[in-house]
Amino acid sequence: MAMEKQNVLKETHHRSVTALGYHPLRREIIAGFEDGFIKMWEVEGYKLSVSNHEHQGWVTAFLYWHEAKVMFSSSNDGTIIAWSTAAAVHDRISFGSPVYSMALNLRRHQLVCGFNACIRVFSLDENRESGHLINLKYSYNSREHSDIIKCIVCLESRVYSAGFDQKLIIYDSSSYPGNRGLTPVFCNPKAHDAGISCLVLIRDSENNTWLVTGSFDKVVKIWSQDGKLTHRLDGFLSTITDLCYVPKNKTLWVSCGTSPVAALYDPKSGENVSDFIGTFQDEENEKYHLQHMKYIPELNQVIASSSRRYILMWKYNPQGCITTLKCKHAVECLTYSKFLPTIYTTYISLGFYYC
């Protein structure tokens, strides 16, 4: 059971990738670029199917709304565009200030957007009775942050935000008449020693839930869903550029600005398991480094962008190896012994050398 490299798209665009997404109805991988272009590739065959230039600035995020069958894209040009299943502009929403992050609060039927020092909450309007797919007239603004809000995730009635002001904030959301806002229930004003660059929410098969943050301080932190620190992961050489959780093998992928491979961690124990999983063991000498990553549950696949504007893909192989053990010598034979019920030892014969 392993994630194995499936394909690499090398000729993507002449500008850097700034956002990744997936369109489940079109079955296409989506990339947004720093010049406002959006491109889509078919999952089968990886043929380029769409190339649009509707944004005038960095594409910052993608978000698919299943109920309305539209894909949202946001940009620092101050707009959110809703794309139809035909990849045409279905709605264009202008805010006048850059949009850095988006999340759907499905329980409250709301779109939550991160701006500079402000979170704005909008009621979704599938029938466009207000003129747009979101109701701009009755939005709610929350101003607990003091800088760019880079990350927003939602879980049931909770909203989690993190930004360049180093804050990690947990809100309770509401949608009652006259009260459509966010109520802060937890705030860590210095969750990191520098701005927070990425945030992912993890829920595993045992119903364990964690928040994971990465920062410009080169540190990853794992928090309980109530904001208590459980693990600190350091030793990275550069800014944490993205985080991605793969539920099939229960690993947290961490990318930073100096490595062509992701570091793999067990979020429950906080242990680095990269040496025991063979996903990246043949890629350590590549001449690029990973930037953005996204897990696509519909495909059991991870997509990532690199500093060379490549888009790389890894897919889950249920017949793949579970663990890889590195050896510096030729392996001649293996044996197994169980000394205690909880202790397992493997002996590897390496010619005249034994370990």
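Me: What should I know about the model before reading residue numbers and side chains?
Reply: Residues are numbered from 1 along each chain as its sequence is written, and side-chain values use heavy atoms, with hydrogens and water left out. The model is predicted, and local features need pLDDT of at least 70, side-chain atom pairs count only at pLDDT 80 or more, while totals for chains, interfaces and linings use all residues.

Me: How many helices and strands does the protein chain have?
Reply: The protein chain has zero helices and 31 strands, where helices (H or I, at least four residues) and strands (E, at least two) are DSSP runs, numbered from the N terminus.

Me: And how much of the protein chain is buried?
Reply: Of its 355 residues, 52% count as buried, meaning under 20% relative accessible area with a 1.4 Å probe, protein chains only.

Me: Switching to rings, how many aromatic pairs are there?
Reply: The structure holds nine, a pair being rings of Phe, Tyr and Trp (its six-membered ring) with centres within 6.5 Å, stacked if the planes are under 30 degrees apart, edge-to-face if over 60 and tilted for the rest. The rings of Trp-65 and Phe-72 are stacked, because their centres lie 6.2 Å apart and their planes are at 15°.

Me: Are Phe-95 and Phe-115 buried or exposed?
Reply: Both Phe-95 and Phe-115 are buried, and together with Phe-122 they form one aromatic cluster.

Methods:
Buried < 20%, exposed > 50% of the residue type's maximum accessible area, 1.4 Å probe, protein only.
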